[in-house]
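Hi everyone, thanks for coming along. I'd like to walk you through one model today, so please have a look at it with me.

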Amino acid sequence: MDVLEVDQLSKLYRNKVILNNIKLRCSTGEIIGVFGRNGSGKSTLLKILFGTLKANTITLKINSKVTLQKEIISSKNIGYLPQHSFLPKELKVREVISLFFENGDKQDVIFYAPRVSSFESRKISALSLGELRYLELLLIGHLNHSFLLLDEPFSMIEPLYKEIIANLLMQLKKDKGIIITDHYYEDVLKITDRNFLIKNGNKIEINETNDLVKNGYLTSL
Amino acid sequence: MYPKAIWKYFLDINFFNIVFSLTIGFVLDFFWSFILFCSFGILIGFLAYNLFKKHEYYTYYNLGYTKSVLIKKVWTLNFLISAPLFLIYILIVKT
């Protein structure tokens, strides 16, 4: 089992505290949900954990080994699905699959994944949002990272693909630790093992759905 | 290693680089195209990539490549390509 531990994570932006001394632990085999209102620091948290945004303070350990932020990408322990699409739009799906996987067997895992055959010959620019998000998740999810950070995988996705994405995440969870943030809280709560809310820069544990109301993220259930 | 991904980045950066280097070559002398192709042209390609394709960096980040690793690979490849081409160009010009 691999373990990602984060301690003393703080981020200030123009003297405003975005994240205040956040402590977090994620193990392979679990999915953690992160909630918070717009601008609360959810995406900032994921970018910091992926190493593309510098924290003011952070101690990050992977399997008890301290990893500097600048070493995270090259260590290949953490994968990240950003909010925006990142695949080259001019390429066909099958060409993008071969960018990510040189090995034929690994390519086959993607080609034979549910529904991929229906869009493998299309260009990335011609995919629906659901198809694109699903493909991005398939590609990142099948790389050899132990941890996945997912920024809004369910947003604006049609119901059919939401279900496929949820099933994929449950499958990936067997080998990976996943941290997911999305405003589609019902979809997130269906698959998560633990959840927390970021409010005023602080981390608040969410033990039941009603805690989201109590802490002002929802007005009612 | 992901050679196809590196090749894709190399082509994308050099698309902008070649347009810039050849334009300067037309205006001044093609001697400058070779020099620019493996020097300042890479910076132009890098800036243009950041402007038009910056989201695609997440493909490379997920494969384990940082911006600095990618740009070092492009610079090395460009140098290896432009050095023999430059020698051939000199030989043609002298004869």
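This is a predicted model: local features need pLDDT of at least 70, side-chain atom pairs count only at pLDDT 80 or more; totals for chains, interfaces and linings use all residues.

Let's start at A:Pro88, which sits in the loop between strand 6 and helix 3 of chain A. Residues are numbered from 1 along each chain as its sequence is written, and chains are lettered from A and ligands numbered from 1 in the order in which they are written.

Is A:Pro88 buried or exposed? A:Pro88 counts as buried, because it has 21 C-beta neighbours inside 10 Å. The cut-offs are 20 or more other C-beta atoms within 10 Å for buried, 12 or fewer for exposed, and partly exposed in between, with C-beta atoms placed from the backbone. Leaving out residues up to four places away in sequence, A:Pro88 touches A:Val96, A:Ile124, B:Lys8 and B:Glu56. Contact here means C-beta atoms, placed from the backbone, within 7 Å.

That brings us to the interface. Chain A puts 17 residues into the contact and chain B puts in 12. On the side of chain A, helix 2 (72-75), strand 6 (78-81) and helix 3 (93-100) each supply at least two residues. By class, that side of chain A has nine nonpolar, six polar and two charged residues. For the classes, Ala, Val, Leu, Ile, Met, Phe, Trp, Tyr, Cys and Pro are nonpolar, Asp, Glu, Lys and Arg are charged, and the others, Gly among them, are polar.

Now helix 3 of chain A. Its buried residues are A:Val93, A:Val96, A:Ile97, A:Leu99 and A:Phe100. Looking down the axis of helix 3 of chain A, they fall within an arc of 155°, so they line one face of the helix; the arc is that of the directions from the helix axis to the C-beta atoms. These buried residues pack against helix 4 (104-111) and helix 5 (129-141) of chain A, together with helix 1 of chain B.

So what about chain B? Chain B has five helices and zero strands, and its C-alpha trace spans about 50 × 25 × 15 Å along its principal axes. Of the 95 residues in chain B, 31% are buried.

Within chain B, helix 1 (residues 3-27) and helix 5 (residues 67-94) pack at an angle of about 70°, with their axes 10 Å apart. The axes are lines fitted to C-alpha atoms, for helices over the stretch in contact, and angles run from 0 to 180 degrees between N-to-C directions. Helix 1 and helix 5 of chain B are therefore roughly perpendicular, a label for 65 to 115 degrees, with under 35 roughly parallel, over 145 roughly antiparallel and the rest oblique. From helix 1 of chain B, B:Ile6, B:Tyr9, B:Phe10 and B:Ile13 meet B:Leu70, B:Lys73, B:Val74 and B:Leu77 in helix 5 of chain B. That contact divides into seven nonpolar, no polar and one charged.

Last stop, the strands of chain A. Strand 4 and strand 5 of chain A form a hairpin with two residues between them, and A:Asn63 in the turn has a positive phi of about 50°.

Definitions and conventions
Helices (H or I, at least four residues) and strands (E, at least two) are DSSP runs, numbered from the N terminus. Two residues are in contact if their C-beta atoms, placed from the backbone, lie within 7 Å. Two strands pair if DSSP finds at least two bridges between them.
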